[in-house]
Amino acid sequence: MHQSLLVNFGEIFGNLYESMGFVQGNWQNYVMLLISFILMYLAIVKKFEPMLLLPIAFGMFLINIPGAEGVLWGKYPTDASGNIISTKYDDVTDRGLLWYLYFGVDKVIYPPLIFLGIGAMTDFGPLIANPKSMLIGAGAQLGVFVAFILAIACGFSVAVAAAIAIIGGADGPTAIMTTSILAEKYVPTIAIAAYSYMALIPIIQKPLMRWLTTKKERAIRMKPLRQVSKLEKILFPLIVTLVVGIILPQSIALLGMLMLGNLFKESGVVDRLSTQAQNGLMNTITIFLGIAVGSKAKGEIFLSVDTLAIIGVGLFAFIIGTIGGLLVAKIMCKVTKGQINPLIGSAGVSAVPMAARISEDVGREYDPQNHLLMHAMGPNVAGVIGSAIAAGILIACFGGYVDGTAPVEAVVSLFGVMA
């Protein structure tokens, strides 16, 4: 009996030992834990996009604790030898908390809800008052399409290239949604790259703004914007949703929610809904989205040459997007004989309102009394609309191409259909 008891205790402690994390872990787990600590440091100490970078980093931290994946995520189906035979989201069994939180990413629920909150916080008045700003927002999408070509040249499949390219739009939710549809396994890499570059806007954009503009151009004072009526602000989201929805239905999930949130704000009759969309709902979804995206940042995918290539192409996309907006603004400055300050061109990317504030900051360096913020908000909110449209174009064109499709073959086939 005593011998049997000892045997049972031996089995119990043996099972306990085998279940411990340090027995199950590998070097990739510990590298990813280190990366998660670095991201948390950047979010907390350096304040780099902390609202989403902190939950993403913590989700990464949780899932990479050795042994935690089976508890927090679930188990992938295996064959008789224990080899994983499917990594599809719906095939997971014994599902954990993070699997359920990731449902909103896998089914593309969270990004449109984030856009609902963004719409409720956004004033489209500067864009309505100066519709030409839309050209700058469109010009800033140049980075998306140049990066798409570069990503294909780097050997990525056409669907993955499209997902990487959207980093150039400088819009985190749009990047997450596009990648979820086109290249799901790269969601954490692309999301982290997108939010990191958004946080680095002052470092990236200011040198480009000084390089592409003259001192005389930076000192241009723009005329005050006209007052926009309430009727215009109510009609704007309806018209934009209808027109873009008819032309490009693939954009309607993001754009429709953006405009619904804005309609809540501008109608003046649903203040409770507008407040909830801006605060409670926005904050809750941000937490869920961040943790869910971080929970997919496993070392097997993240620690690869592909990740370095994605980060490099993403930075290039962001730089070209900024240059595209600046060049369009410079052309407009020439056409209007100096009525447009080219500095507002950098705000054509979708990072609201950070990019607009950078235009204001650089302008005031050369004329402390020159206030460009409201003028820059026009291109900035145009960039939000532009990034949603760019995402819709990429999804419409490449949504049918699975990961691994030969890039040249896919593009030739696409142009054949368009012709």
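Predicted model: local features only at pLDDT ≥ 70, side-chain atom pairs only at ≥ 80, totals over all residues.
**Figure 1. Helix α7 packs against helix α17.** On the α7 side, you'll find Pro111, Pro112, Phe115, Leu116, Ile118, Gly119, Ala120 and Met121 in the contact. They meet Ala253, Leu254, Met257, Leu258, Leu260, Gly261, Asn262, Phe264 and Lys265 of α17. Sorted by class, that gives 13 nonpolar residues, three polar ones and one charged one.

**Figure 2. Helix α7 also meets helix α12.** Here α7 (residues 110-121) and α12 (residues 172-182) have axes that come within 8 Å and cross at roughly 160°. Angles over 145 degrees count as roughly antiparallel, so that is how α7 runs relative to α12. This crossing is left-handed. From α7 come Pro111, Pro112, Ile114 and Phe115, and from α12 come Pro173, Thr174, Ile176 and Met177. The class tally for this contact is seven nonpolar, one polar and no charged residues.

**Figure 3. Helices α6 and α18 cross at about 110°.** Take α6 (residues 97-106) and α18 (residues 271-294), and you'll see axes 8 Å apart. The two helices are therefore roughly perpendicular to each other. Leu98, Leu101, Tyr102 and Val105 are the α6 residues here, and they touch Phe288, Leu289, Ile291, Ala292 and Val293 of α18. The class count is simple: nine nonpolar, no polar and no charged residues.

**Figure 4. Helix α13 is mostly covered.** This helix covers residues 187-199 and reaches 18 Å from its first C-alpha to its last, close to the 18 Å expected at 1.5 Å a residue. Of its 13 residues, twelve are buried.

**Figure 5. Stepping back to the whole chain.** How many helices and strands does the chain have? There are 23 helices and zero strands. Of the 419 residues in the chain, 53% are buried. Now take the contacts between residues at least 6 apart in sequence: 74% of them join residues at least 24 apart.

Notes
Residues numbered from 1 in each chain as written. Heavy atoms only, no water. Axes fitted to C-alpha atoms, helices over the stretch in contact; angles between N-to-C directions. Helix = DSSP H or I, 4+ residues; strand = E, 2+ residues; numbered from the N terminus. Parallel < 35°, antiparallel > 145°, perpendicular 65-115°, else oblique. Left-handed = near helix turned anticlockwise from the far one by under 90°. Contact = heavy atoms within 4.5 Å. Nonpolar A, V, L, I, M, F, W, Y, C, P; charged D, E, K, R; others polar. Expected span 1.5 Å × (residues − 1). Buried < 20%, exposed > 50% of the residue type's maximum accessible area, 1.4 Å probe, protein only.
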